[in-house]
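Dear colleague,

I am passing on a structure that I would like you to look over, with an account below of what was found in it. Please keep it open beside the text while you read.

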Amino acid sequence: MLVVPISVSATKYFLGDRSVDWQAADRSSAGLLPAPADHPAALVRIFAARTVRWRGIFAVHSWIVVKEANAPRYTRYDYTAWGEPIRVNGFAADGRWFGDMPATIAAADGKTAEGMIPKIRAAVEGYEWRAYGDYRAWPGPNSNTFVTAVLASVPELHAAMPPTAIGKDFPYDGDIFGPTPSGTGVRVTLGGYFGLTIGWVEGIEINLLGAVFGVDLRRPAIKLPGLGRIGFGY
């Protein structure tokens, strides 16, 4: 269950175009967002794309995009290993992540999004692991830990991070036991190395050294390390 899905993911990586020089990889807009002038309503998006180089075999990088009603531009939040840990508008809001096409993990628009944005901004400002040197690719805190912590401030978004979001199970609040980010279940995590999540939105997940196995009953799918969700979309 561990070796086969990761081997398939590795084959896809080496046969695709993601093994090219990451410094020259495409980071332009993927066209997933309309121009702000064409979408005056408030907007919230969570995106994820395979991370840089060989690490993309196992994991995705995730980020947050918000826009208040009638705002002239989007605001993108990333948590990265270089530069300022919490990077604001460092990349195109819906940009390819070093060549990989992002997927939309969660979305909200209009009045619903408008109510979420102040909570999201407050969670970003209050994120604990924001000092230089805090970032760790495995088991966290990394970009997926950051997005998971922010999602916990807006459980009404009903978002579940993909199983390939290694770092999402890191205890960003320091607690071993607590509610899932969606508020629809519970999770137990031992430093991000081992864990169990049971929730209506998140489904049932077992984390073994960052490799996540699980099932989603709400939107039927299985979850496998390397390959991610196989079934209905997010």
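A residue is called buried when its relative accessible area is under 20%, exposed when that area is over 50%, and partly exposed in between, with a 1.4 Å probe and protein chains only. On that scale, buried residues make up 52% of the 234 residues in the protein chain.

This is a predicted model, in which local features need pLDDT of at least 70 and side-chain atom pairs count only at pLDDT 80 or more, whereas totals for chains, interfaces and linings use all residues. Residues are numbered from 1 along each chain as its sequence is written, and side-chain values use heavy atoms, with hydrogens and water left out.

The protein chain holds three helices and twelve strands, where helices (H or I, at least four residues) and strands (E, at least two) are DSSP runs numbered from the N terminus. The radius of gyration, taken over C-alpha atoms, is 17 Å, which agrees with the value near 17 Å for a compact globule of 234 residues, the rule being 2.2 Å times the number of residues to the power 0.38. Along its principal axes the C-alpha trace spans about 50 × 40 × 40 Å.

On a 1 Å grid over the protein atoms alone, a cavity is a set of points where a 1.4 Å probe fits but cannot get out, while a pocket is an open set with protein on both sides within 12 Å along at least five of seven lines; lining residues have an atom within 4 Å of a point. Grid points are joined across faces, edges and corners, and a volume is the space filled by probe spheres set on the points.

The largest pocket has a volume of about 650 Å³. Its lining has 33 residues, and Thr51, Arg55, Ala59, Ala137 and Ile166 lie nearest its centre. Strand E2 (60-67), helix H3 (143-151) and strand E10 (211-216) each give at least two residues to this lining.

The second largest pocket has a volume of about 240 Å³. Of the 17 residues that line this second pocket, Arg50, Val60, Ala103, Thr164 and Tyr234 are the closest to its centre.

With best wishes
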